Amino acid sequence: MVLREYMARMDGQDPEKALALLEPGFRFLLALPDGERTGESRADFAAYIAGRNAGDRVHEIVRYSVDQDLETAYGFVVEAGTPTGAFLSAAVVSPSGLMARYQSYFTPVFDLVDRP
């Protein structure tokens with residue numbers, strides 16, 4: 001279940017550790033309120049991490065599923081104890097157990113499910 005581990009590492013003190021969970025040709029789309037971030041390599045994602053201002057941010061997963069090589073997670077982004085919005089993320093997992101593709105949508109204005 002690489003998607004859960006990825007989010008835990010992104011929320012940790014050293015988010016660069018998440019790079020070890022990505023295939024070299026990792027492709028991604030992050031749809032954020034201020035625009036989309038895309039890339040076609042682990043290096044592109046490293047550049048995204050370097051420019052990210054995460055602060056005291058955590059991804060609180062409330063729904064999770066796995067269907068063959070596809071993992072999905074739904075939850076809330078919480079910063080300094082305050083929810084700032086909801087996310088829906090999906091990852092395609094390679095045969096070696098690493099993330100090959102990742103797509104994530106974040107919105108501060110709509111919750112698909114209620115936060116517990």
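Is Arg 57 buried or exposed, judged by its relative accessible area? Arg 57 is buried, with a relative accessible area of 19%, where buried means under 20% relative accessible area, exposed means over 50%, and partly exposed covers what lies in between, for a 1.4 Å probe and protein chains only. The structure is a predicted model, in which local features need pLDDT of at least 70 and side-chain atom pairs count only at pLDDT 80 or more, whereas totals for chains, interfaces and linings use all residues. Residues are numbered from 1 along each chain as its sequence is written, and side-chain values use heavy atoms, with hydrogens and water left out.

The strand that holds Arg 57 is β3; strands (E, at least two residues) and helices (H or I, at least four residues) are DSSP runs, numbered from the N terminus. In general, strands of a sheet pair through backbone hydrogen bonds, either parallel or antiparallel. Here β3 and β4 pair in the antiparallel sense over 10 bridges, two strands being counted as paired if DSSP finds at least two bridges between them, and Tyr 64 stands opposite Ala 73 in β4.

Within α1 (residues 2-11), the buried residues are Val 2, Leu 3, Tyr 6, Met 7, Met 10 and Asp 11. These buried residues pack against α2 (42-51) as well as β3 (57-67), β4 (70-79), β5 (82-93) and β6 (99-107). Asp 11 is also among the residues in contact with Arg 57 when neighbours within four places in sequence are left aside, the others being Arg 52, Val 77, Val 78 and Glu 79, and contact means heavy atoms within 4.5 Å.

Side chains of opposite charge can pair when their charged atoms come close. With a salt bridge taken as a side-chain nitrogen of Lys or Arg within 4 Å of a carboxyl oxygen of Asp or Glu, the count comes to four salt bridges. One of them joins Arg 57 to Glu 79, with the closest N and O atoms 3.1 Å apart. Since Arg 57 lies in strand β3 and Glu 79 in strand β4, the pair ties together parts that are 22 residues apart in sequence. Glu 79 is partly exposed, at 28% relative accessibility.

Another salt bridge links Arg 9 with Glu 5, the closest N and O atoms being 2.8 Å apart. Both residues lie in helix α1, four residues apart, which is about one turn of the helix. Arg 9 is partly exposed, with a relative accessible area of 27%, and Glu 5 counts as partly exposed at 36%. A further salt bridge connects Asp 34 and Arg 37, whose closest N and O atoms are 3.0 Å apart; Asp 34 is exposed, with a relative accessible area of 60%, whereas Arg 37 is partly exposed at 29%.
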